[in-house]
Amino acid sequence: MQHTRRDHLVFLGAAAAATLTPAALSASDDPQVIEIQMLNKHPENSKERQVFYPDLVRAKVGDTIRFVATDKGHNSTCAAKGAPEGATLWKGKISKDVEVVLDTPGAYAFFCTPHRTAGMVGLLLVGDVSDNFEDIKGGRYRGKEKKRYEDIFARADAMLAEETS
Ligand SMILES: [Cu+2]
């Protein structure tokens, strides 16, 4: 069952809604399934090859991320270094969908095993990311991976700043 933002506002009434923070309004409380496609080419920029789309996702604990093997030859992997402590890690099979239920808040840096150095990487921000986001940003990334993460981290910072403003 899905509640829309409007449902919540009607239920709470205008006075209560006015006191809600933007973060509280930004997502439903119900668990969501969020899809990330694994692609040979960026849909809006064909010069960008080997991409997760989208490559940055805001989620909450309890949401599911479904990595979809739209194009073949890719996978999604999240290793201990790229995840908050105690989180469930994943390693998808090449050319197969993989689903992960996000059980731990924090930042998750994931990559495609064959194309990591080609910059096929992405980032999930799950709930409160204050525990490990700085560690993730300070990680060692190389070449195209580093270039993509610089762009992703800049967008992530802007996204989080928006929530707290
Ligand atoms: Cu790949």
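Predicted model: local features only at pLDDT ≥ 70, side-chain atom pairs only at ≥ 80, totals over all residues.
Start at the copper ion. Select it together with H74, C112, H115 and M120, the protein residues that donate to the metal.

Next, look at the angles around the metal. Seen from the copper ion, the four donor atoms subtend angles of 87 to 135°, and the arrangement is therefore tetrahedral. The cut-off for this label is that all angles lie between 85 and 135 degrees.

Is C112 buried or exposed? C112 has a relative accessible area of 0%, so it is buried. H115 has a relative accessible area of 16%. This also counts as buried, because the limit is under 20%.

Select C78 next. This cysteine is buried too, because its relative accessibility is 3%. While cysteines are on display, how many disulfides does a search of the whole structure find? The search finds zero. A disulfide is a covalent bond between the sulfur atoms of two cysteines.

Four strands make up an open sheet, ordered 2-1-4-7, with mixed pairing. At its edges are strand 2, residues 45-53, and strand 7, residues 98-101, each of which pairs on one side only. On average, neighbouring strands of this sheet are turned by 25° against each other, with direction ignored. Strands of a sheet pair through backbone hydrogen bonds, either parallel or antiparallel.

Zoom in on strand 1, residues 33-42, which pairs with strand 2. The pairing is antiparallel and runs over five bridges. Select Q37 to find a position opposite Y53 of strand 2.

Finally, zoom out to the whole protein. Count four helices and nine strands. Starting at the N terminus, trace the elements in the order α-α-β-β-β-β-β-β-β-β-β-α-α. Colour the protein by burial: of its 165 residues, 38% are buried. Then show contacts between residues with a separation of 6 or more; 63% of these are between residues 24 or more positions apart.

Conventions. Residues numbered from 1 in each chain as written. Heavy atoms only, no water. Donors = N, O, S within 2.8 Å, 3.2 Å for Na, K, Ca; no water. Tetrahedral: all angles 85-135°; square planar, octahedral: opposite > 155°, others 65-115°. Buried < 20%, exposed > 50% of the residue type's maximum accessible area, 1.4 Å probe, protein only. Disulfide = S-S within 2.5 Å. Pairing = 2+ DSSP bridges. Helix = DSSP H or I, 4+ residues; strand = E, 2+ residues; numbered from the N terminus. Axes fitted to C-alpha atoms, helices over the stretch in contact; angles between N-to-C directions. Contact = heavy atoms within 4.5 Å.
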